[in-house]
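This report is meant for a reader who is meeting the structure for the first time.

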Amino acid sequence: MSATLSIRPSGRALAADVEGVDLSRPLDAATFESIRRAWHEHLVLRFRGQRLSDPDLERFSAMFGRLDRAPTYSKGVRVDVHSDFVTVISNVVVDGKPIGDLGNAESLWHTDMSYNDAPPMASALYSLEIPPTGGATGFCNMYLALETMPAPLRERIATLRCVHDASTNSVGGRRGDYAEVTDPRQAPGARHPMVVTHPETGRDALFLGRRRNAWIVGLELAESERLLDEVWAHCTKPELCWYQDWRVGDLILWDNRCTMHRRDEFDPTTRRIMHRTQIAGAAPRSRLLDPTPAVAA
């Protein structure tokens, strides 16, 4: 580990501060390996006081793997960033059009882009402007969510798969040209195991997307709804969560394979501008459904 690098755990179910590193500069191999190990241990890392350009953000993110292209924005968004890999998350409006996506509304618990067959393995979110209050981001530990789940419930879901709806985003807006979903059994989107095996740590984690329009494959709708309500009530308990109160210059890196996150609403008359990158991942796999998932040495 670099002589100046330190890792300070949050004391909660997940997250740690990484101190003594300037991400605007290239990292040597030993420093990056220390960061990577801390990320696997704490799931969410916070780097405060950074001054990053979009190329800086891309360079750091790409150390973890190939970058995903930015997803399709909601209709009407005016994109002012000149990068195929940076997504603008903002409520700021210029000439009648928002410059980024997701506005100021509450963003419900979700896993990024889990409606894809191969969701991103990680996301990095960097703050450029923040409102004076509101807009905190919460994260929950999906390893612990599974490990602390009552045994009968854990056994019930162990080999089930769930549909991850692609039709709406985390604030409830319609995505692309998808029609409104009236029956979750008809929702578009990937079908993933509810318990997945992390390809690098080898640990099992609960894996959920969004509660809205979710359906457990093969169950009657009423049974699926009851079971999902029970699972969601457990995994979002306060003792499994940690909240990020933003400052300008914060970079948050989270593991999309073993966490979920949400955002508090904030005053629409204030400004919030964030830039996000995502690192490409593989299709989620389960050792319970596939006895030989690839686990890194």
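## Cysteines

In this predicted model, the sulfur of C241 lies 5.0 Å from the closest cysteine sulfur, which belongs to C140, and this is too far for a bond, because a disulfide requires the two sulfur atoms to be within 2.5 Å. The structure as a whole holds 0 disulfides, and C140 is accordingly in none, the nearest cysteine sulfur to it being that of C241.

Both cysteines count as buried: C140 has a relative accessibility of 0%, while C241 has a relative accessible area of 4%.

## Nonpolar cores

The largest nonpolar core has 42 residues, and the members that touch the most others are M142, I157, M194, L206 and L208. Several elements give two or more residues to this core, among them the helices α3 (142-147) and α4 (151-157) and the strands β10 (137-141), β14 (204-206) and β16 (241-244). The largest share, 5 residues, comes from α5, which spans residues 221-235.

L206 shows how such contacts reach across the sequence, for when its neighbours within four places are left aside, it is in contact with M142, A145, L146, M149, I157, M194, V231 and C235. Apart from this core lies another, of 24 residues, which includes M121, A124, Y126 and L253.

## Salt bridges

A search of the whole structure finds 22 salt bridges. One of them joins the side chains of D56 and R59, with 3.2 Å from N to O; both residues lie in helix α2 (residues 54-62), 3 residues apart, which is about one turn of the helix. Of this pair, D56 is buried, with a relative accessible area of 12%, whereas R59 is partly exposed, at 32%.

Another salt bridge, between R287 and D204, has its closest N and O atoms 2.6 Å apart. This pair links distant parts of the chain, 83 residues apart, since R287 sits in the segment after β19 (273-279) and D204 in strand β14. R287 counts as partly exposed at 44% relative accessibility, whereas D204 counts as buried at 14%.

## A salt-bridge network

R257 and D255 form a salt bridge in which the closest N and O atoms are 2.9 Å apart. Both partners are buried, R257 at 14% relative accessibility and D255 with a relative accessible area of 1%. The two belong to one network, in which salt bridges that share partners join E33, R36, R37, E200, D255 and R257.

Conventions:
Residues are numbered from 1 along each chain as its sequence is written. This is a predicted model: local features need pLDDT of at least 70, side-chain atom pairs count only at pLDDT 80 or more; totals for chains, interfaces and linings use all residues. Side-chain values use heavy atoms; hydrogens and water are left out. Buried means under 20% relative accessible area, exposed over 50%, partly exposed in between (1.4 Å probe, protein chains only). A nonpolar core is a set of buried Ala, Val, Leu, Ile, Met, Phe, Trp, Tyr and Cys residues joined through side-chain atoms within 4.5 Å. Helices (H or I, at least four residues) and strands (E, at least two) are DSSP runs, numbered from the N terminus. Contact means heavy atoms within 4.5 Å. A salt bridge is a side-chain nitrogen of Lys or Arg within 4 Å of a carboxyl oxygen of Asp or Glu.
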